[in-house]
Amino acid sequence: MEIGAMKLLAAAICMGIGAVGSGIGEGIIAGKALEAMGRNPEMQDKLFSNMIVSMAICESTAIYSLVVSLIILFVDLS
Amino acid sequence: MNFEMPTLSLAPDVVFNIGSFGVTNAMLAMWILTGIVLLVGVLLNRKVGVVPSRLQVVLEGLITFFADNLETAFGSRERAKQFTPLMLAMFLMFFVANQFYVLPLIGDIVTGDGVKLLKTPTAHFSLPIAIAFVIVGMSHLLALKTAPLKHIGQFIKVGEFLKIRSVKDVPNAFLEFFLGLLDIVGEIAKVVSLSARLFGNVLAGELMVVIISFIAAPITFWLVPIPFIFLSIFSGLIQAFVFPLLCVQYVGGTVTAVQES
């Protein structure tokens, strides 16, 4: 296989597999936060900001794979 | 209308040199943005009053937001007051810097050599990693200042060996020792994760708009990326909030772990 084709494949696999975990994690966070908000609507503001922060932390693995795949695509490592 | 795919580069280009020190376009943009934030701050400070203007209300809300977060992280009002300006400045800087490419035309100014004059500063890895390094380093210096031996003892847990009373405790002590060593790796990972998060989000937002407007049909190339521009503005805003909040958590966690007996 050519190196160019290999690079494209590597970037796609990296991003695809890397996004799975953080997608599941963010879904769980959003679901739980909505549940808590529904149970106790007065806490909504505090819960929302905490939800955003924890979502951003969960997102980081996907962002790492994104950075790696961007480096594979756009940086000439050879 | 036919236009070429713009060249995408992760490394910023050098615009001019001061001695042997190359000034890149990302640095230049950061200096200008810092100047703008400073100017707004100074102008606003002049008009500050008991009856607040709209911008003053927004900024006061931000100050109380960060002060409250810092107070819960540190557990003391004085420490929170010390750190509020730093975190707020970081938020304002990233808030402006993340939205830099939304400014029309400014990103397209090209110098004589064909080098872009200005580039989104946070889409260059040096800025986030430098700030993350400073923040994590600062938290460790503060912890070392308050209780040096205790802070080092959290990572190199020799104390666990002294607690051994019977043979049963030996494996536990070794486990604790290696967990302490792993925490050192965790501290390095903090720097990487903080910086890569901001860098990745901003760069991805920017590249997504570029790529989407490239693959759209020629007539609608200005219409199609609008939702993606909204998305990247939103993620830039979220990241500008999240970065200082995570810094608060890291600094607060490291410092209070040493303080409590």
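I began with a helix pair: H4(B) and H8(B) are roughly parallel to each other, a label for angles under 35 degrees. This is a predicted model, so local features need pLDDT of at least 70, side-chain atom pairs count only at pLDDT 80 or more, and totals for chains, interfaces and linings use all residues. Residues are numbered from 1 along each chain as written, with chains lettered from A and ligands numbered from 1 in the order written.

I looked up the geometry. The angle is about 15° and the axes of H4(B) and H8(B) lie 9 Å apart. Axes are lines fitted to C-alpha atoms over the stretch in contact, and angles run from 0 to 180 degrees between N-to-C directions. Helices here are DSSP runs (H or I) of at least four residues, numbered from the N terminus.

I checked who touches. From H4(B), the residues include Ile135(B), Met138(B) and Thr146(B); from H8(B), they include Cys247(B), Tyr250(B) and Gln259(B). Contact means C-beta atoms, placed from the backbone, within 7 Å. By class I found 10 nonpolar, 5 polar and no charged residues.

I followed Cys247(B). Beyond its neighbours within four places in sequence, Cys247(B) contacts Met87(B), Met90(B) and Ile135(B).

Leu141(B) counts as exposed because it has 11 C-beta neighbours inside 10 Å; the cut-off is 12 or fewer. His151(B) is 10 residues from Leu141(B) in sequence and 9.8 Å away, C-alpha to C-alpha.

Last, the chains: 11 residues of chain A contact 14 of chain B.

How values were computed
Two residues are in contact if their C-beta atoms, placed from the backbone, lie within 7 Å. A residue is buried if 20 or more other C-beta atoms lie within 10 Å of its own, exposed if 12 or fewer, and partly exposed in between; C-beta atoms are placed from the backbone. Helices (H or I, at least four residues) and strands (E, at least two) are DSSP runs, numbered from the N terminus. Angles under 35 degrees count as roughly parallel, over 145 as roughly antiparallel, 65 to 115 as roughly perpendicular and the rest as oblique. Ala, Val, Leu, Ile, Met, Phe, Trp, Tyr, Cys and Pro count as nonpolar, Asp, Glu, Lys and Arg as charged, and the others, Gly among them, as polar.
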